[in-house]
Amino acid sequence: MPKNLLIATFSDPDRLIRAVRNIRRKHIRIYDVYTPYPVHDLDEAMGIRRSRLPWVTLMMGVSALVLTLLSEFYTAVFDWPLNVGGKPDNSTLAFIPISFELTVLVGALATVAALFLRAELYPGKRSGGTVKDATNDTFVLIIRRRDASFDASKARLLLEHCGAESIEEKVAEL
Amino acid sequence: MSPATTGHHPTEAQALLPPKYIDGDPSLQQIAEDIARPLEAQPGRSWWICFALAFTALLNLGGMVTYLVAKGIGVWGLNNSVGWAFDITNFVFWVGIGHAGTLISAILLLFRQTWRTSINRSAEAMTIFAVICAGLFPAIHLGRPWDAFFIFPYPNQRGPLWPNFRSPLVWDVFAISTYFTVSLVFWYLGMVPDMATLRDRAKNRFQETVYRWLSLGWNGSYRTWARYEVVSVVIAGLAAPLVVSVHSIVSMDFATSVIPGWHATIFPLYFVAGAIYSGFGMVLTLLIITRQTMHLERYITAQHLDKMAKVTMFTGMIVSYAYATEFFTAWYRGDVYEKYHFINRAIGPYAFCFYLMVLCNVLTPQVLWFKKVRRNVAALFIASILVNVGMWFERFVIIVVSLHRTFLPSAWGMFYPTRIDIGILVGSFGLFFTCFLLFIRFLPMIAIWEIKGASHFERAAQKATHA
Amino acid sequence: MRSACGELLQIQKPEPETTRRDFLSVAGFAIGAAALASCRAPVQNAIPLLAGSDQLVPGVSSWYATTCGGCPASCSLLAKQRDGRPIKIEGNDRSTLFGGGTCATGQATVLSLYDGERLNGPRWKGQSVSWQQMDQLVLSLLPPPSLRQRVVLLSNTINSPSTLRIIEAWRRRYPGFRHVTYDAISLSAIRSANKQCFGLEVVPHYAFEKARVIVGMEADFLGTWLSPVEFAQGYARSHSPETSCLHLQVESGLSLTGSKADIRIAAAPSELGMVAVALLRRVARKARMAGVSNVESPIADPALLDFVADRLWENRGKSLIVSGVQDTAAQTVINALNEFLGNIGATVDLACPSFQRNGDDIAMTNLVAEMNRGEVHTLILYGVNPVYDYAGAELFAEGLKKTQLSISLADTRDETSSQAVAICPDHHFLESWGDAEPVDSHFSLRQPLISPLFDTRAAPESMLRWLGNTSTHYTYLRDVWKASLFPRQTEIGDFELFWERALRDGVLTLPARHPESAPVFRGDWAAAEDTILHDYNRDRSHLTDQDATCELHLYESVSLRDGRHANNPWLQELPDPITTATWGNFASIAPELARRLNCTEGDVVSLRTGSRQVDIPVLIQPGQHQRTISVALGYGREEVGKVGRSIGINAFRLRNTVAGPHESPITAVTIEKSGRREPIARTQGHFSMEGRPIALETTVHDLAGESGPDQDRLPTLWTEPMQGAHAWGMAIDLNACTGCSACVVACQAENNVPVVGKDQVQRGRIMHWIRIDHYYHGDEANPKSIHQPMMCQHCGHAPCETVCPVLATTTSSEGINQQVYNRCIGTRYCANNCPYKVRRFNWYNYTDNRAFDFNMSSPLGRMVLNPDVVVRSRGVMEKCNLCVQRIQSAKNLALEGQRQLADGEIQTACQQACATHAIVFGDLKDFHSRVSQLHRSPRNYLVLGELGTRPNVSYLKRIRTTMEAH
């Protein structure tokens, strides 16, 4: 559903960062920031928690490792043990390489999948034209007006002060 | 990946002037323009010429492989004594090439090497295409390619009968396919933001749709950026051990055998070093060509070439050291078969391959000691070609020279390549270059958003130092 | 019987082709014939040896005793019959002469039966006619006896009592009849020498098994000479490691026998006589003979000759000197030697002579003269091919044209039969009845396993017809035995019983005709010596010392012999045991000569003698006499099937025309590089062991100190896996192995090993599962050499198994390293990792592939395939599996009989074929089995055992007697 937004654009990331800091100091919630590349010190400025995605990697990786080792053990020792060059049925050392590779494979795929789910990225998804230039050279800061208590003019002032290039209010889909 | 992750602080910057990896001071807009140009403009004549050549070779490959599968492996020069020759040589060669890409995109990322930004995209692309070429050979070298699926563990009516998890060939299958998948994912992941850029630059509806699908609706939201960077580091962390493991496993095809010249514990290190060596050779070749043909000198600068030359030299020397060690162990161990093998390498019927290999892999790197050479594009180009030639012959020496004279002299033989052998080798290059040329034509061969980040960082660094 | 028909008829209806049934796929006349034939076969009176009756059970093999027709040695055989088709030849171990062994040629004869290019019916002047018409035509043209015109039967050695009886009948019928015996490789000099010395024109029967000291002179008695299978087994018995025995071989080119000799002297043909003389003088002196001159022979090292002479003298009566030299004088000297050493009657039996080579060169020479004078009215050719192999072939061809009627009884098309007016094709020996008396009073019976595939008729039967005798060959044969052999024995009273027994056993030994009457030596050896000296000096003088002139030495190759089997792909692809060359012959020259001519292997040279010249590639042969060039006979056939046509060159053309009573054929040839190259397809490229411990030999003296195998006690990281009831293993005795290669062909026949052709062999892709490695050591001018059969070693810790990605090769619970064809995807990793390089890969489809047009690509040729062994498809690995099919069937038999497997009950194909019992297979779990005893022998060792591969196949060192040892 369309939202009621206050959109400020910047040409320079440093100004953006300054704006973000000031806005938050004024306890105004920032809806999101859009940048052509990951500007650093922003996460700290926006107070974003470190992502928990690495846990997915760990979980899936470990389970892949265990499952592979188990299945190799099962097939070679229980399901159909054969005398292969007089080697012991359970040649654990020989089972390591495959287990390792599968750990990496599953870990990686799971992580990326998790990212796409969490960030709602999927083929064909439309990104509202609202912040078009953010993928080019513009840095965009968006504040969402939730209720009347929100004092737009105050926010405008602040943003202008921080050197926003343009500021507009608009009801749009994101 | 933006170098800003390197947590650079002005204080450091004062200590030394940070190197500039982007010439001039292009605006963000400008960067996108430059990098997107090859995609939006019509390709130049040089591109078409290269493509024509590569594509012919690819067609030739198609024909040869069809003939091979129709007739049987007999059309190659193999025999009872030499069961592997060009097929596995090419396989190892191409897998090796791949490694440089992953090294650049993953390991250098973890080591926070800012100079990788402008080359990692194409290096990764190279990895993927090289692994495709590599994957071709294990498939077609089989006596019965149509039964290749026997290698995979799948439930079946034969017992069920599973593959032999002790066999290095099975390890290979898993290593290569993992390597391919992870590289592909990592490569694509890195391209998503650029796809968004291209989508928003799109001139016509078609482009727009295509890029929209590829960009997965990326809109530059910073919350996504934050997760994205974490994931990138994680994948890099997973890809890094692959660089080491894949070629180690390939080397075990030989190291776990009993054949003199194969049965050596030094192989994993030796092969990994060799892989990176040859890989960087190929990266140099490719980038030197593309920066000329695609006019990207501004982003792929002399400094990049210089860095890569240094890595090449370093790994080249590890390889040389491995050669020496092999001979030493053969002499020191005093095993009659091992000893004979290495004498045979040096003075046997295939000695010329051995000396070619030494020339290319031991002597060539030495010229890279000189800055003059490292800064001379032409010289680097020649060196990089030599590196590739040398590394192909290294694999040939390891495989064929070891096999053709093993334990029982009665079973000694020779391998002579047939037209099909050579045709398929050439064809594999056709496949590789066709893929690469299409890549630089239709995908951003430099990570736009990373360059943007880098330029910002460099501007910051400049400011800091002037202050 | 009927069920067999059922099976075969049902097979005739087309059904989806699968490799399993490929061998049965039925197409074309030949197959129809074969199928029908096999319904009628075996002819009712044939008695299988094992099965007590003539019941033919589908899918169950039965064995028939018969007699080999491969060469006049006439070995007794057992032929394996399956669903009415003979598919395997084996030796008949009931034969007191030949034991259970066979030769490579004998093994391959079964394939010749299915040669689609055999003569398939009677032809008159090229037109095919019916047998009736043929008989009428022949009878109408045969001269009336009254005219006393010349009717000549020209045959090779015939030792069949029944056939000889028929020939007698002809002699009685036609006053002008004459039987001329002509052998392409003749021993007439021995016969004439024996006539002079003992008054007996015979080839004696040599008893190698009794000889402790053997001197061979240009006689390849282990490979091709006279009766190799018999001699090889005798030789092996006398050369057992326990007895310290000595074998000296004097020869110009390295022969199989020479490669086996303890000591070998390389001497040119012209020098052989001198060596004999030198020996004779030494022996004569010891024998206190008067007037023995002390002149030294310039050829051999006197010390060596003294040594040999001493050994000979010590072993009087237990020594043997044989010579293949076609020179009466030389043979006289040999006789004298044997006489002085008391070998006559001991190791040289003239009382019960051999009938295996009766050729009479002089009679042949005269016949050709007569023919050219137009005096011969009718010429019947039987088992001979003089237009190809006679020294004066052109002359003979001329004469042949001058005869009114020429009839060929050949069984296959050849140069001679194609020029005859009438061709009355003979059966293949597996289709016909017959008998043989290879050695006096030793009889062997031949019975058919299958009715004729083509419209052929037994040659003896044809000859009977033309005598007006209407009885079948079978009844005639039976009557002959009833009349002449049955009375000579007292054991069995009833002829039926006697006959049945004879058929079952295949062999019959009767008391000697003339009880031991030691013939008296009347030879003038002094005169013979003078002749030899004179000849020697003459030859020296006209063998001028210019580099280009050499002496020519023509020999029979182990595979093709005199060339009659040239169309047999198994034999064409059988590596020559000495050179490992296949598909063609070559000129062997000494390394030293090669350097002088600056030739490398494969350079084509022109050999010129008189007006005749041949171009032939050279092969550099260690041990070759420096001034002698050896060329194998039997190649270069033209009128033969597609397999053998113009393979190699016909060296018979280089034979100098033999004329007159003096037969010493010293042929001087000039050799000259032509500049062309013609690579030789050899299966082994390197003949030095490079100082590696691979094929080991020792001396009786050193053996005392040896403890036996220890490598197999190498430590292992792993606990041994569970073992089944048996642990199959093999022991190969390098001391017994002569390298004759019978095992190679036997394996090929048993295991459906494909023939790949010259090109593929050159590419190093021969498919044989067992190969005979040949190594030289020592001086290249006259090296010591050793043969080593090499096949899958069935490692306990097999390197090939660990690396196979799909578990296509594993170790069975009984220790066999097994290959699972339908699981194999052909990575060839196993072959790469096999230290013994015994694995073979199917680079192409070798079955039903026009590119490989050998027996497996023709429906008829495929009938020889062993139904118990799957035919491998393209792209899979294969190798020796210790004849697992034989193990299985033996186990099944034991199971049916509710009994334990007896040791020696299972014989692998290679083991069975081996005349010298060099290969022993058995259960290593059974402490008392022969094989485990051999594994404990002090001579035992493992090849490459130090790799920890733990082979189940082990080798026994060869023992060599040397001068130094004494």
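Colleague: Is Arg395(B) buried or exposed?

Modeller: This is a predicted model, where local features need pLDDT of at least 70, side-chain atom pairs count only at pLDDT 80 or more, and totals for chains, interfaces and linings use all residues. Residues are numbered from 1 along each chain as its sequence is written, chains are lettered from A and ligands numbered from 1 in the order in which they are written, and side-chain values use heavy atoms, with hydrogens and water left out. Buried means under 20% relative accessible area, exposed over 50%, and partly exposed in between (1.4 Å probe, protein chains only). Arg395(B) has a relative accessible area of 2%, so the answer is buried.

Colleague: Which residue meets Arg395(B) in a salt bridge?

Modeller: A salt bridge is a side-chain nitrogen of Lys or Arg within 4 Å of a carboxyl oxygen of Asp or Glu. Here the N to O distance is 3.8 Å.

Colleague: How far apart are the closest N and O atoms of Arg899(C) and Glu905(C)?

Modeller: Arg899(C) is partly exposed at 40% relative accessibility. Glu905(C) is also partly exposed, at 29%. Their salt bridge has its closest N and O atoms at 2.8 Å.

Colleague: What is the relative accessible area of Arg21(A)?

Modeller: Arg21(A) forms a salt bridge with Glu44(A), 2.9 Å from N to O. Arg21(A) counts as partly exposed, with a value of 34%.

Colleague: How many salt bridges does the rule find across the interface of chain A and chain C?

Modeller: Seven residues of chain A are in contact (heavy atoms within 4.5 Å) with 10 residues of chain C. The buried area, meaning the accessible area (1.4 Å probe) that two parts lose on being put together, summed over both, is about 850 Å². Carbon and sulfur atoms give 66% of that area. The salt bridge count is zero.
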